[in-house]
Amino acid sequence: MRFLIVGAGAIGGYFGGRLVQKGENVTFLVRNAKQIQLEADGLIIKSVHGDFQTSVRTISIREEAEPFDCIIIAVKAYHLLQVMNDIEPYVGEHTLILPLLNGYDQFSILQKRFGPEHVLGGLCYIETTLDSAGTIVQSSSFHSIVFGEWAGDESERTQLLLSHLDNAGFTVTLSSDIQREVWQKYIFVASLSGITTLMDSSVGPILASPEARAIYEQLLQEIVSLAQNAGMPVGPENIASTMQKMLSVLPEFTSSMHRDMHKQLPVEADHLHGALLAMALPGQDDAYPVLETMYARLKVYESVNDMR
Ligand SMILES: NC(=O)C1=CN([C@@H]2O[C@H](COP(=O)(O)OP(=O)(O)OC[C@H]3O[C@@H](n4cnc5c(N)ncnc54)[C@H](OP(=O)(O)O)[C@@H]3O)[C@@H](O)[C@H]2O)C=CC1
Ligand SMILES: CC(C)(CO)C(=O)C(=O)O
């Protein structure tokens, strides 16, 4: 199976690198500066599971190549529209597109552009970031991909993909209810990135402060009830499971958005928190005050960042 990994950043570089390490046929679609860096140094991963470095095959945008069997999309949401133009030449009749972005809107955007038959549901759990030299740094031990047919069907093509993603040093799960999995992750990441950016803190001090913890719990409730009212596959059980996840992480655990904010990088505020608020039913737009506060805080960050 020929993989094209779009974006050799924190998640694309990590999962793609692991697949290279396993011996899978992997190519990275990258922009110029990243291509130069990868050609000079190779792909470098510093991981709690052990460091490794490998040379990788890259192509640059518009470079000729046959369509790929599976295109894994591992860019930030604000790059998705550009990326859809860039991957078009590599999408053939049987190509599977597997987005690993956080959020929800990416699926309908990709389905509309390439046709629903090409787009799988997918997400990942991992805590990775790029250091100033472009090295991928993994700081927590979990590293998993969950994927499946968007409509929940069983299929030979997802079984085949599973066999190629499996045994690559990370966990992979083929789900028959990927939309529910996507929402579980969305709730976790939207609440985590909201509270860590608002408090400018990792999880430990937030949960240790009764005041901050109460705000987190209200945020979680708002997100779950908003999504449920909007007809998404979530329910009150998502509150308990998300809280359990929060209680299981290390005190220094934080969101990728919080880390990006410290690096003065753009954030996925519209794609995560803005998209949630846009789902609120008419007449309910003032029912989510904590979520609105989180979103406002991110919009202020964006405007200050734009002026730098
Ligand atoms: N980091 C994490 O721990 C986690 C992140 N996520 C989610 O995964 C997604 C990706 O995040 P993350 O990996 O952290 O982001 P990064 O910014 O680390 O990586 C994204 C990469 O995409 C590349 N890119 C952007 N546009 C293009 C393009 N047109 N063609 C090729 N490459 C391109 C960038 O390359 P360049 O070097 O050229 O800028 C960059 O290296 C986000 O939705 C995020 O929320 C999900 C789980 C965990
Ligand atoms: C919460 C986490 C680390 C889990 O994968 C994540 O997705 C993010 O911060 O972007």
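Modeller: Begin with confidence, as this is a predicted model. The mean pLDDT of the protein is 97, and 100% of its residues reach 70 or more. For the complex, the predictor gives an ipTM of 0.99 and a pTM of 0.97.

Biologist: In what order do the five strands of the open sheet stand, and in what sense do they pair?

Modeller: The order is E5-E2-E1-E6-E7, and the pairing is parallel. Strand E5 (57–60) and strand E7 (91–99) have a single partner strand each, so they stand at the edges with one side left without a neighbour in the sheet. On average, neighbouring strands are turned by 30 degrees against each other, direction ignored.

Biologist: How many bridges join E1 to E6?

Modeller: Four bridges join strand E1 (residues 2–6) to strand E6 (residues 68–73), and the two run parallel. Phe3 has Cys70 in E6 opposite it. As a general idea, the side chains in a regular strand alternate between the two faces of the sheet.

Biologist: What about E3: which strands does it pair with?

Modeller: On one hand, strand E3 (residues 43–47) pairs with strand E4 (residues 52–54) in the antiparallel sense, over three bridges. In that pairing Leu43 stands opposite Thr54. E3 and E4 form a hairpin with four residues between them, and Gly50 in the turn has a positive phi of about 115 degrees. E3 is also joined by three bridges to strand E9 (residues 136–149), and these two run parallel. There, Ile45 has Ile136 of E9 as its bridge partner.

Biologist: Is Ala133 buried or exposed, and why?

Modeller: Ala133 has 8 C-beta neighbours inside 10 Å, so Ala133 counts as exposed. Ala133 is found in the loop between strand E8 (120–130) and E9. The C-alpha atoms of Ala133 and Val267 are separated by 20 Å, with the two residues 134 apart along the chain.

Biologist: How is the protein divided into domains, and what does each domain give to the contact?

Modeller: The domain assignment gives domain 1 (2–176) and domain 2 (181–302). Their centres, taken over C-alpha atoms, are separated by 25 Å. Domain 1 gives 15 residues to the contact and domain 2 gives 14 residues. On the side of domain 1 that touches domain 2, the elements giving two or more residues are E8 and E9. E8 gives the most, with four residues. The residues of this side of domain 1 divide into six nonpolar, six polar and three charged.

Technical notes. Residues are numbered from 1 along each chain as its sequence is written. Chains are lettered from A and ligands numbered from 1 in the order in which they are written. This is a predicted model: local features need pLDDT of at least 70, side-chain atom pairs count only at pLDDT 80 or more; totals for chains, interfaces and linings use all residues. Two strands pair if DSSP finds at least two bridges between them. A residue is buried if 20 or more other C-beta atoms lie within 10 Å of its own, exposed if 12 or fewer, and partly exposed in between; C-beta atoms are placed from the backbone. Axes are lines fitted to C-alpha atoms, for helices over the stretch in contact, and angles run from 0 to 180 degrees between N-to-C directions. pLDDT is the predictor's confidence in each residue, from 0 to 100. Domain bounds come from an automatic or database domain assignment. Two residues are in contact if their C-beta atoms, placed from the backbone, lie within 7 Å. Ala, Val, Leu, Ile, Met, Phe, Trp, Tyr, Cys and Pro count as nonpolar, Asp, Glu, Lys and Arg as charged, and the others, Gly among them, as polar.
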